[in-house]
Amino acid sequence: MASPSPSGAEDKPARPFSAHASRFTVLALLVFGLAVFLRFYHLDGYGLWSDEFVTLMIVTTRPLDQLVRTCFEIPQPMPPLYFLLAGIPVSWLGASEVSLRLFSALSSLLTLLLLFQLGRRFLPKEVALWGTLLCGVNSTQIVYAQNARPYAFCLFLSTASLLAFLNWLERRNRRNATLYVLPTVMLFYSHYIFFPLLLIQNLYFLWKKQTGPRLDPENIAEPDWTHWIVLQGVVALFLLPLMPQLHTILHSRYSLNWYKEFPEYSGLFAFINGEFLFFASAATALLAGALLFLRSLLRQFRPESALRLSKFGRTALEVRGWSDALVFFGLWYVVPVLLFFSIARVLGINLFVERYLVLSSLPVFLLIPAIPFLLLHRNWARLFLVIYVLHYADMEPGHYYRQKGEFSQGVPGANEWRETLTALRDPEFHSPLFLFQSPFIESNQLKFGEDPKLFHYLSTPLHSFYVREFKQDAVLMPVHWWINNERHLRFKAQTKALLQGHPDFVLLSTQEFWNNFYPWLQKEFSQQWDIIEVRGFTSTGSLRLKRVQLIPKQQV
């Protein structure tokens, strides 16, 4: 006996296939066309942020073997695959904001294609297309599509791995096994933070092992532990060259714990916006109530023209056809969020930040349309989704466009680095001494003077295409000036001696740094020197450029 259609739609005379397929094709093209526009619109709308400068440093490193070594040697080590591939557009087009981000934008589009295919494995194609639309207009996804970091590429690889995993579950053969191993291995050669993917797959494999024959009597290939363990072993074998770097990262756990705000329980709903869901639900309920009232009036005056409102809900037999979908997408969302939440709360290693949790964002786009289609008649589900999409588009990408002329909230810091480093070309900011507060947390260790590679890493913004004529050597400043431990006090004493020999200097720092640095200048120099700010530049963010002169009092 054939299992019920997941859509639960009533039997109706079939429409001509060509007309139905043509209409769906047009809708799909419109959805993907919108996604293309949102991802490529103003790829250079925002300047680079601090981590993107690291990407620029790595992808422009030559030769390629040195590029790979750099990935393993920088203070926050990362696998090299993303940088090797992202460097291709840069080598063709030259270093720019667009060429750096082009690979991420293309990866995000491929993710949409795979997300639609993955949704079709469980859900009617209309539901899968709704999910693709939600992902296409999502401002968070647009951010990562326009960000020269590995996250968009890793979303593509993780989706490809999950789709290949489902294909392998359905039919175990060499082709499907290869198509699973390839994106899975590539994922971990691009970023380690997506390791919860393996846990998702194993838990779903266990679910299928326990319930597959009962819920799916026509299952082609019942899950087999032996084949699955062998496949996982092949993946592990390919990852062996990464083990030394992984050991280094785990050994230096302090570098993982850079985010200081530990997660609250509300963070478990990181990618689920209750406000939008409530608004769409309330609006749908109000419209439904209005239509029911209108139906009662029509029945009273014109019974023959009564509106036909189909029943709500699904039978138990129909719900059974959705079980695998809800379990699979539920695990996809819950596992990374709950795992990183527990690691932060129990072990004190805080990985609970949006870009590390982004793996959990994709199943939300399929769950949001799937649940209304499961609980409601399809026309009511469509109404709910239309309201949700319109409200979301107005409040998120629409709001950002009205506010900033872009469809996403942008990269951290927005244009402050581009503005500040461009201002640095002004000859007025060329002085015998240049002090640069590095944006990277490792500078708090004050070891950069002992390691040239670390020094180059911490000063990467000064080597970017924003700074063309500026050839001045920089003296690095730590992230925080208010720290007064023994090593910082020695560093401040050295800085005082340096300023006494070079009383005309330029400082590039955040406003927070300056708020602590200027009182220190007054304390150390105000008795014998006048502190004069000759020229300043303030970015739209927190970065500041200041040219300062220390003038002996007797010369005034």
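## A tour of charged pairs and rings

Select Lys208 and Asp324 to begin: their side chains form a salt bridge, 2.9 Å from N to O. Lys208 belongs to helix 10 (residues 196–215) and Asp324 to helix 15 (residues 323–347), so this contact ties together parts that are 116 residues apart in sequence. Both Lys208 and Asp324 are buried.

The model is predicted, so local features need pLDDT of at least 70 and side-chain atom pairs count only at pLDDT 80 or more, while totals for chains, interfaces and linings use all residues. Residues are numbered from 1 along each chain as its sequence is written, and side-chain values use heavy atoms, with hydrogens and water left out.

A salt bridge here is a side-chain nitrogen of Lys or Arg within 4 Å of a carboxyl oxygen of Asp or Glu. Side chains of opposite charge can pair when their charged atoms come close. Helices (H or I, at least four residues) and strands (E, at least two) are DSSP runs, numbered from the N terminus. Buried means under 20% relative accessible area, exposed over 50%, and partly exposed in between (1.4 Å probe, protein chains only).

**Strands 4 and 5**

Next, select Asp530 and Lys553, whose side chains meet in a salt bridge of 3.0 Å, N to O. Asp530 is in strand 4 (residues 529–538) and Lys553 is in the segment after strand 5 (543–552), 23 residues apart. Asp530 is partly exposed at 24% relative accessible area, and Lys553 is partly exposed at 35%.

Glu533 sits in strand 4 and Lys546 in strand 5, so the pair ties together parts that are 13 residues apart in sequence. Are the two residues buried or partly exposed? Glu533 is partly exposed, with a relative accessible area of 42%, whereas Lys546 is buried, with 10%.

For a salt-bridge network, select Arg121, Glu170 and Arg171, which are linked in this way. The whole structure holds 16 salt bridges.

Turn to the aromatic side chains. Rings of Phe, Tyr and Trp (its six-membered ring) pair if their centres lie within 6.5 Å; planes under 30 degrees apart count as stacked, over 60 as edge-to-face and the rest as tilted. The search of the whole structure finds 46 aromatic pairs.

Select Trp481 and Phe491: the ring centres are 6.2 Å apart and the planes stand at 70°, so the pair is edge-to-face. Trp481 lies in the loop between strand 2 (474–477) and helix 22 (486–501), and Phe491 lies in helix 22, so the contact ties together parts that are 10 residues apart in sequence. Trp481 is buried at 3% relative accessible area, and Phe491 counts as buried at 13%.

Trp520 is in helix 23 (residues 511–525), 39 residues apart from Trp481. At 10% relative accessibility, Trp520 counts as buried.

The charged end of Lys492 sits over the ring of Trp481, 5.3 Å from its centre; a charge sits over a ring if NZ of Lys or CZ of Arg is within 6 Å of the ring centre and within 35 degrees of the ring normal.

**Last stops**

Arg345 lies over the face of Tyr265, at 5.3 Å from the ring centre. Finish with a cluster linked by ring pairs, including Phe122, Trp168, Tyr204, Trp228 and Trp332.
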